[in-house]
Amino acid sequence: MTLVTARDYAWIRSSRMFGDAMASGYGLALVRGIAPADVLLLMEAEPKGTGKGLDALVEEHLEHRDGTDYWDDSFIAGAFAVPGADGDWTLVFDFDGGVGTSRFLPALSLNGRAVSHSTNGGKPMDLFDWYENGELRTGFEGPTTRYGSTPDELVPLMREIGFDLAEDEDEDGTGPGTDTKAAVLALTEHLTGVRFTEELLKGAEYHFGHVPETPAAE
């Protein structure tokens, strides 16, 4: 099997769809072995029906935002089933920058696996998280500053994929010629078996859910 590398995801830099998602902030999570409706249930989301394609998710997102104020951190998540390694996965996509989804990753990965990456928009903060059986195994913003119970387990694979792990990297966590976001997508594919494409998001049948605000205690 040919190793997927950052080069396989170079298309994200010429994709208007992904560029818009990066600019506004997005969150993407892949959850193994749990159906879309059940993933939204674990995220405490109120079901909002279904819709075909990314445009339908954008419309739901904009309609929700029109009815909320700046301080409201609730959001619309779209979830759909996709085949991957070791069975079916659910892909969850939102325009919340991944901040809201991240708090559910321990529950979503119980007895399984969840992998997520996100960008918060503006001056970006890019996050990657790999959870296994409710435990954060490896997470990072910059690839040289990793955390979790096994922060270095993926290092050999990360080097093969195309991450620059030299300590003298630029301030944004990348070295010369490195596309860290493309490398993150390749790493996600390795851990899930799911090939992320523009067509995948655009053609999916989404289950929509309104995810409530983070409880004050959190």
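Reply: On a 1 Å grid over the protein atoms alone, a cavity is a set of points where a 1.4 Å probe fits but cannot get out, whereas a pocket is an open set with protein on both sides within 12 Å along at least five of seven lines; lining residues have an atom within 4 Å of a point. Points are joined across faces, edges and corners, and a volume is the space filled by probe spheres set on them. The model is predicted: local features need pLDDT of at least 70, side-chain atom pairs count only at pLDDT 80 or more, and totals for chains, interfaces and linings use all residues. Residues are numbered from 1 along each chain as its sequence is written, and side-chain values use heavy atoms, without hydrogens and water.

There are two cavities of 30 Å³ or more. The second largest cavity has a volume of about 40 Å³, and its lining consists of Y9, L28, L30, H117, L185, T188, V194 and F196. Two or more of these residues come from each of β1 (26-32) and α7 (180-192), where helices (H or I, at least four residues) and strands (E, at least two) are DSSP runs numbered from the N terminus. The lining holds six nonpolar, two polar and no charged residues; Ala, Val, Leu, Ile, Met, Phe, Trp, Tyr, Cys and Pro count as nonpolar, Asp, Glu, Lys and Arg as charged, and the others, Gly among them, as polar.

Of its 15 lining residues, M17, D20, L54, V58 and F95 are the closest to its centre. At least two lining residues come from each of α1 (16-24), α3 (54-66) and α8 (198-203), and α3 gives the largest share, five residues. This pocket lining comprises seven nonpolar, three polar and five charged residues.
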